[in-house]
Amino acid sequence: MKLSAKLIDIANRGVLLHSADARSIRVRDGDRVQVTNVGAGKTAQAHVDTTGSLIPEGTLGVYRPLNAGLALAEGDSVEVRGADRPASLAYIKKKMDGERFTKDETFSIVKDIVDDTLSPGEVTAYVAASYIHGLDMDEVEYLTRAMVETGDQLRFSTRPIVDKHSIGGVPGNKISLLIVPIIAASGLKIPKTSSRAITGAGGTADLMEVVAPVAFSADEVQTMTEKVGGVIVWGGATNIAPADDRIITHEYPLKIDARGQMLASVMAKKLAVGADLVVIDIPVGKYTKIADIQEGRKMAREFMELGDRLNMRVECALSYGESLVGHTIGPVLEVQEALAVLEGKTEPNSLIQKSLSLAGIALEMSGKAAPGQGFSMAEDLLKSGKALDKFKQIIEIQGGDAGVTSESLTAGEHQFVVRAPQDGYVIELNNRSLITIARAAGSPLDHGAGIVVHAKKGSRVEKGDPILTLYADRAWRLQSAIEVARTLMPVVVEGMILEHIPSGRWI
Ligand SMILES: O=P(O)(O)OC[C@H]1O[C@H](OP(=O)(O)O)[C@H](O)[C@@H]1O
Ligand SMILES: O=c1cc[nH]c(=O)[nH]1
C-alpha cells in the first residue's frame with residue numbers, strides 16, 4: 001500500500017498507522033511492517049502502533065529513529081506491507097524450551113538487537129530465557145564475538161592495552177575512578193568503557209558523567225586514549241559492542257544480570273577495545289551477584305577460559321562484597337569520595353585497598369611492576385598526586401571541568417538521617433536493600449541522590465548516632481526512599497526488635 005510520510009519527532013523505533021490502513025494491509029498493533037522510501041529505494045522494518053485519530057488515513061507516521069535509515073522528507077511516498085517475523089524469534093523460543101543456541105543463531109539475534117528488528121518485549125524474552133536456561137561456554141563465546149562484530153573496534157598501534165572490569169553487584173564500587181588514572185599514570189593505555197548501573201544504583205558511566213561527558217564514538221575513544229593514556233566512557237554510546245547496552249537496558253528493571261550475558265558483556269567490551277591484559281573484579285558476598293568463594297572461583301575460571309578463547313590474558317580478583325565499598329552510594333557522593341582519595345585523603349580503607357590491589361595486578365601483568373611490587377607502585381602513583389593529575393587530564397579531554405574538586409561537588413539538597421535506635425553493634429547491612437533505597441531516592445539518574453553509610457557492619461553505635469544519610473535531588477524522591485527504608489530495614493543494630501506481633505494478631 002502506498003502512503004504519504006508524516007515525520008514524528010518521537011524516539012521510538014516504529015511507525016504509526018491509521019487503524020483503517022492497518023486493517024487494509026492486515027496488520028495489528030505490535031506487528032511488523034516493511035517500509036520503503038519509494039524515491040530513495042531505502043527499506044527498513046518497523047513495529048506498528050495504530051491510531052484512530054492522531055494521523056489521517058493515507059499517511060504513515062514515521063518515528064525519528066526509523067527515519068535515520070529511511071531518510072524520508074515530510075510527504076514523501078512510502079510503500080508499506082506486512083513483514084515476516086524475523087528468524088531470531090524462533091531461536092529465542094528454542095532457548096525458552098531449554099535448547100542451545102548455535103553460532104549463526106546467536107549472530108542473528110545480536111544483529112536483530114542492534115538493528116532494532118526485535119521489539120523491547122522480544123529482547124526481554126531473550127534475556128529472560130538466557131537467564132533461566134543459561135549459556136554454555138561455546139554460546140558465551142558466540143555471543144561475545146557477535147557483540148564485537150556488530151560494532152566498531154579500536155586498533156592501537158602500541159601494546160599492551162590494559163583493561164579492568166568489575167562484574168558489579170556491590171554498592172559503592174567506584175574503584176574504576178581510581179584504577180584507570182593510576183594505570184594511565186604509569187604510562188600504560190587503558191581505554192575503559194563502562195556500563196551504566198545494571199543491578200546497582202550507579203554504574204561507572206553514571207559516576208563519570210558527574211564530572212565529564214561520557215558519550216563518544218569509537219574513534220574519539222581511541223584518539224583520547226592515545227593522547228592521555230586513558231578514558232572512562234559509556235559503552236552504550238560508543239557503538240563498541242552496541243548490543244551490550246541494549247541487553248543491559250532490559251536487565252536493569254528486573255535487577256538481573258544473566259550469567260552468560262554478563263561474561264559476554266564484559267569480555268566483548270574488552271575484546272572490542274583491543275585489550276591484551278584484563279583484570280576482573282568479582283565481588284563475593286551474601287547480597288551480591290556471587291554468594292560465596294566457590295562460586296567466585298567458578299566465575300573466575302569462566303572468565304579466564306573465555307579470555308583464552310579470545311586471546312586475552314585475564315586475571316581475576318575475588319573481592320570482599322559483604323559490605324559496600326567506601327561509605328557512599330550514588331553518582332555525586334561516590335565521585336566525591338573517589339576524588340577525595342585522589343586528592344590525598346587516606347580513607348576509606350576499603351576503597352583504597354581494593355583499588356590499589358586491582359591496579360597492582362594490572363601493573364604486574366604488564367611488566368611495569370616487578371612481581372609482588374604492583375600494589376606499592378600503584379600506591380606511589382596515588383600518593384604522589386600523579387593519579388589525580390591523570391584523572392584531571394581524562395576529565396579535560398572528555399570535555400569536563402578539570403578544576404573540579406571533591407569539595408566543589410554537591411549532593412542532593414533533600415536529606416534524611418537514619419539514627420541508631422539503641423546502643424549496640426551494626427550486625428546487618430543489606431547491600432540489596434541499600435541499592436533499592438538509593439534507586440528510590442532517584443539514583444543514578446538524579447546525580448545527587450544516594451546514601452552515605454556512617455556505620456558499616458561491625459561498627460559500634462550509640463543510641464541516636466547517625467547510621468545512614470539519605471540524599472535526594474527532589475523532595476518526593478526523598479519521601480519514597482524513607483518509605484522504602486522503613487519497609488526494608490537495611491540496617492540491624494544488635495538487639496533490635498524487628499517487629500512486635502501482639503497476641504491475637506493473625507500472621
Ligand atoms: O550495577 P551493577 O550490576 O552493580 O554493576 C555495573 C557496573 O559494574 C561495572 O563496572 P566497571 O565498568 O568495571 O567500573 C559495569 O561497567 C557497571 O558500571
Ligand atoms: O559490564 C558489565 C558488568 C556486569 N555485568 C554486565 O552484564 N556487564
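The exercises below concern a predicted model and treat its ligand shells, its domains and one annotated region.

**Exercise 1.** Describe the shell of residues around ligand 1.

*Solution.* Step one is to list the nearest residues: of the 15 residues around ligand 1, these are Gly168, Ser194, Gly200, Gly203 and Thr204. Step two turns to secondary structure, where β7 (162–166) and α8 (204–208) each contribute at least two residues to this shell. Step three sorts the shell by class, giving 3 nonpolar, 11 polar and 1 charged.

**Exercise 2.** Determine which helix gives the most to the shell around ligand 2, and classify the residues of that shell.

*Solution.* The residues around ligand 2 include Ile167, Gly168, Asp257, Gln261 and Met262. Helix α12 (residues 259–272) gives the most, with 4 residues. By class, the shell around ligand 2 consists of 5 nonpolar, 4 polar and 1 charged.

**Exercise 3.** Characterise the contact between domain 3 and domain 4.

*Solution.* Begin with the bounds: domain 3 covers 162–233 + 268–286 + 295–397, and domain 4 covers 414–493. Their C-alpha centres are 26 Å apart. To the contact, domain 3 brings 21 residues and domain 4 brings 18 residues. On the side of domain 3, β12 (328–329) and α14 (331–342) are the elements that supply two or more residues. Of these, α14 gives the most, with 3 residues. This side of domain 3 has 10 nonpolar, 8 polar and 3 charged residues.

**Exercise 4.** State what UniProt records for residues 425–492, and give the helix and strand content there.

*Solution.* An unreviewed UniProt entry places the feature "domain: Pyrimidine nucleoside phosphorylase C-terminal" at these residues. In the model, residues 425–492 are 35% helix and 29% strand. The end C-alpha atoms of this stretch lie 8 Å apart.

How values were computed: Residues numbered from 1 in each chain as written. Chains lettered and ligands numbered in written order. Predicted model: local features only at pLDDT ≥ 70, side-chain atom pairs only at ≥ 80, totals over all residues. Near = placed C-beta within 6 Å. Nonpolar A, V, L, I, M, F, W, Y, C, P; charged D, E, K, R; others polar. UniProt positions renumbered as here; feature names shortened; annotations may be inferred. Domains from an automatic or database assignment. Contact = placed C-beta atoms within 7 Å.
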